[in-house]
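Trainee: I would be grateful for a close look at one part of this model, the place where the two protein chains meet. Please begin with the build of a single chain and lead from there to the contact.

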Protein chains: 2
Amino acid sequence: MIKKPQPIPRGPSEHNVRDQIVEAAAEYFSRYGYEKTTVSDLAKEIGFSKAYIYKFFATKQAIGEVICSNTLSAILNAINKGMVDAPTASERFRRMFKAAVAESSNLFFQDRKLYDIASSAASEQWQSTVNYQIEIKKIILQIILEGRDTGEFERKTPIDETVNAIYLVMQPYTNPLLLQHNLNLAEQAPMILSSLILRSLAP
Amino acid sequence: MIKKPQPIPRGPSEHNVRDQIVEAAAEYFSRYGYEKTTVSDLAKEIGFSKAYIYKFFATKQAIGEVICSNTLSAILNAINKGMVDAPTASERFRRMFKAAVAESSNLFFQDRKLYDIASSAASEQWQSTVNYQIEIKKIILQIILEGRDTGEFERKTPIDETVNAIYLVMQPYTNPLLLQHNLNLAEQAPMILSSLILRSLAP
DNA sequence: TAAGTGACTATATTACAATATGGTCACCAT
DNA sequence: ATGGTGACCATATTGTAATATAGTCACTTA
């Protein structure tokens, strides 16, 4: 049961209306912020009426979700990119944690308006941030599995508990809402905490 | 150089004015909250003028600091009480972490107005919360030292780093400002994280 | 001199009317 | 049917005038 009618892009049209909305939103949200941007602003930008926007998105938040989702995907990509050539699972973990914090901090300082969307999305439990957290957990799981496979990590603790615990430790630095309060530690914390976590994983 | 003139309690007077102010503040802050309580309210309560309050406290916040300090001291006492009869350092640690979270959560649900003071005190870095954090670190240090002494914990990692890392892990649950966002995890997190920390401490 | 205060100011907070915004819907055009 | 809109409503936000509050100080009283 799809509630949103999906107008199909016709013929050679390079980008359909939905994409235009997202594009306009990306610019406006980033420049003026989510709150200060009105749906009418976006409509005006793409030359349609406000009502037409609602044929594509059920709510303003749904547009925010897309932008937020893209932002978080970019962070995930950067994290994955920083991890690929790590020689060991331990090193993969260190780089992953460091990259996650570095990328989020970077967003905070370079594109504050987008960061704020991610932050309030986290506090309101938007789907985009739930997905982000799931992805982070997947990455943790992969690293643990790899480390257990190579004998680098212990295998006694139930893997779910291990992943969960590590996720909890990282949370204050990967969750945009919480990272704000911990920016002063963004330099040292990933290193110190990675060490603690890796000690806990020792066979 | 004491800036605040300290009127000396005369003769058999059981409690001096300063104590009366604190007493009134404890009641008002707890009932109406820090913001909603005015200095005039406190003055009226003890039967003096507002100006006289300022002979004893430089600012309203200074009164808040005393109340907050008392609140946090009570939590620290409860933590220590819960720890005393633990048979091992590991068990001491588990109980300490659990009690810290339990006590803070309890404050949140039982005396929300006081909790809010502690919370904003943490966000504004009042001295009372800085002291609280120092005390928590001292407790962690003591447990680690004890565990290292009995051979229960490893001794390779620099003790400062160990204490710091553990402190960072506990932070989201001991800091009132952060605990608010993590109340849903207040049940499980201390257990899971204690286990992780103790694994990291294994010799 | 020590205990205590009324009256004052600059800033913060509140109350609320005016405006703006998110969201809906009946309807138009092709 | 598909593509598109103006007019509308309930709620949120803002501007601002009125009020309240933190903090000071010269002063009084005993």
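Mentor: From the N terminus on, the elements of chain A run α-α-α-α-α-α-α-α-α-α. Chain A thus shows 10 helices and 0 strands, where helices (H or I, at least four residues) and strands (E, at least two) are DSSP runs, numbered from the N terminus. The model is a predicted one, in which local features need pLDDT of at least 70 and side-chain atom pairs count only at pLDDT 80 or more, while totals for chains, interfaces and linings use all residues. Residues are numbered from 1 along each chain as its sequence is written, and chains are lettered from A and ligands numbered from 1 in the order in which they are written.

The C-alpha trace of chain A spans about 60 × 35 × 30 Å along its principal axes. Of the 203 residues in chain A, 36% are buried (20 or more other C-beta atoms lie within 10 Å of the residue's own, C-beta atoms being placed from the backbone). Two residues are in contact if their C-beta atoms, placed from the backbone, lie within 7 Å. Among the contacts in chain A between residues at least 6 apart in sequence, 65% join residues at least 24 apart.

We now turn to the meeting of the chains. On the side of chain B, 17 residues are in contact with 17 residues of chain A. Helix H8 (159-174), helix H9 (176-179) and helix H10 (189-201) of chain B each supply at least two residues of this side. By class, the side of chain B that touches chain A has 10 nonpolar, 5 polar and 2 charged residues. In this scheme Ala, Val, Leu, Ile, Met, Phe, Trp, Tyr, Cys and Pro count as nonpolar, Asp, Glu, Lys and Arg as charged, and the others, Gly among them, as polar.

Methods
A residue is buried if 20 or more other C-beta atoms lie within 10 Å of its own, exposed if 12 or fewer, and partly exposed in between; C-beta atoms are placed from the backbone.
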